[in-house]
Amino acid sequence: MKKFYKITQISLHLMAGALFLLALIHLAPQVFGIRPFIVLSGSMEPELLTGSVVFIDTRAAPEQIHVGDIITYRIEDSTVTHRVVAETPATVTTKGDANQQADFSPVPRENILGRAVFDIPYLGYVYTKLSHPIFLAVLGSLLAENLIIEAICNLKTTIQQKKKKEKQL
């Protein structure tokens, strides 16, 4: 039973660690105006690898964006992270580092979400797996199961200690 309890404790800590990592990646940077985005394509390689998480400073004013900056911007229902290659007072022209030509349409400055400040290669793969609804449901179920098992083990230990005390009296 002690071995089972130890395995339960370890798995509980691993699950809590996974949830903490997910929260750390997603929530902690937002306190400082930093927002994570997962790089889904190779258009910015080798600067930003597919599967990386790029962290964007959302406090960067659109007029502070200049040629050479890597930005994330909204286009219709999606977001794109590319490098600024030309600018006017109202728009910027972007290009993926791996692309031969600049993007077709200039980006209005009001569509810019922020400037890239750093990235963590391949973390997007981990983040995607950890944040999948099925994984979260399984993780939640296992976490609840482990808490119940821990409570039962503690109750059993308490009962055994009580019985031991009664025998000694």
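The model is predicted: local features need pLDDT of at least 70, side-chain atom pairs count only at pLDDT 80 or more, and totals for chains, interfaces and linings use all residues. Residues are numbered from 1 along each chain as its sequence is written, and side-chain values use heavy atoms, with hydrogens and water left out.

**Stop one: the pocket.** Select I38, V39, L40, T79 and T81. These lie nearest the centre of the largest pocket, which is lined by 14 residues. (A pocket is an open set of points on a 1 Å grid over the protein atoms alone, where a 1.4 Å probe fits, with protein on both sides within 12 Å along at least five of seven lines; lining residues have an atom within 4 Å of a point.)

Now color the strands (DSSP runs of E, at least two residues, numbered from the N terminus). β1 (34–38) and β4 (78–87) each supply at least two lining residues. β4 gives the most, with 5 residues.

**Stop two: P46.** Go to the loop between β1 and β2 (53–57), where P46 is found. A cis peptide bond joins E45 and P46, with omega about 5°. Most peptide bonds are trans.

**Stop three: E76.** Select the loop between β3 (70–75) and β4; E76 lies there. E76 has a positive phi of about 55° and is not a glycine. E76 counts as exposed because its relative accessibility is 75%; exposed means over 50% relative accessible area, buried under 20%, partly exposed in between (1.4 Å probe, protein chains only).

**Stop four: Y122.** Finish in the loop between β7 (112–120) and α2 (123–130), the place of Y122. Y122, also not a glycine, has a positive phi of about 65°. Y122 is partly exposed, at 48% relative accessible area.

Notes:
Helices (H or I, at least four residues) and strands (E, at least two) are DSSP runs, numbered from the N terminus.
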